[in-house]
Amino acid sequence: MSTAAATPRTGTRPGEVLADLLPASRVRDAALVLGGAALTGLAAQISLPVPGSPVPVTGQTFAALLVGTALGAGRGLFSLALYALLGLVGVPWFAGGASGVSVSFGYILGMLLASTVVGALARRGADRSVLRMAGTMLLGEAIIYAIGVPYLALAADMSASAAIAAGLTPFLIGDALKAALAMGVLPTAWKLVDKK
């Protein structure tokens with residue numbers, strides 16, 4: 001065993017995400033991927049219907065972006081891919097206990113890409129300051145909508161304007177609140193780690 005591996009950490013290094021602070025192993029990575037998928041599935045159960053929209057307000061997008069940011073691009077992608085795959089084969093952990101393909105499945109596809117992008121940005125320190133974290137979360141949400149809204153339009157046979165009205169506009173205030181929550185959570189976590 002090398003002395004570097006046995007030496008406890010005294011600080012964080014550039015390029016690390018929060019998950020990297022745990023001792024490295026394949027078991028750790030598998031547990032993080034599984035835990036990220038489970039967190040997203042649990043958060044999807046926080047689901048409120050939106051009048052006039054087939055897409056509910058959920059905690060799913062917040063969890064997906066948090067998973068990507070905390071785990072990094074690779075583990076974030078694998079977590080969301082596992083979440084999507086298990087939901088497709090019948091695990092009832094999509095929004096409101098659903099599974100399979102629905103008109104809102106495009107948002108899940110968007111979460112795959114968004115978790116990867118925010119994870120890559122976190123490796124560059126985007127999760128360590130309030131302003132950079134706000135930008136990271138807003139970019140992640142924009143990616144989710146860029147895939148989810150066109151998918152909704154196609155799957156539900158809606159016009160682009162109807163899909164925007166049903167699948168984007170009602171969610172903007174909630175997404176701003178989710179971004180504000182993330183702005184506080186992740187930079188604060190790094191400050192606590194750096195004080196130890």
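**View 1. An aromatic cluster of five residues in a predicted model.** Tyr-83, Trp-93, Phe-94, Phe-105 and Tyr-151 belong to one aromatic cluster. Five aromatic pairs turn up when the whole structure is searched. Phe-94 and Phe-105 make up a tilted pair, with 6.1 Å from centre to centre and 50° between the planes. This pair joins distant parts of the chain: Phe-94 is in the loop between α4 (73–88) and α5 (105–123), and Phe-105 is in helix α5, 11 residues apart. Phe-94 and Phe-105 are buried.

**View 2. The aromatic pair of Tyr-107 and Tyr-145.** The ring centres of Tyr-107 and Tyr-145 are 6.2 Å apart and the planes lie at 90°, so this pair counts as edge-to-face. The pair links helix α5, which holds Tyr-107, to helix α6 (residues 130–155), which holds Tyr-145; the two residues are 38 residues apart. Tyr-107 and Tyr-145 are both buried.

**View 3. The crossing of helices α3 and α6.** The axes of α3 (residues 60–71) and α6 come within 10 Å and cross at roughly 125°. Because of this angle, α3 is oblique to α6. The crossing of α3 past α6 is right-handed. On the α3 side, the contact is made by Thr-61, Phe-62, Leu-65 and Thr-69. On the α6 side, Met-133, Met-137, Gly-140, Glu-141 and Ile-144 take part.

**View 4. Arg-128 over the ring of Trp-190.** Arg-128 is placed over the face of Trp-190. The distance to the ring centre is 3.7 Å.

Terms used: Residues numbered from 1 in each chain as written. Predicted model: local features only at pLDDT ≥ 70, side-chain atom pairs only at ≥ 80, totals over all residues. Heavy atoms only, no water. Phe/Tyr/Trp six-rings, centres within 6.5 Å; stacked < 30°, edge-to-face > 60°. Helix = DSSP H or I, 4+ residues; strand = E, 2+ residues; numbered from the N terminus. Buried < 20%, exposed > 50% of the residue type's maximum accessible area, 1.4 Å probe, protein only. Lys NZ or Arg CZ within 6 Å of the ring centre and 35° of its normal. Axes fitted to C-alpha atoms, helices over the stretch in contact; angles between N-to-C directions. Parallel < 35°, antiparallel > 145°, perpendicular 65-115°, else oblique. Left-handed = near helix turned anticlockwise from the far one by under 90°. Contact = heavy atoms within 4.5 Å.
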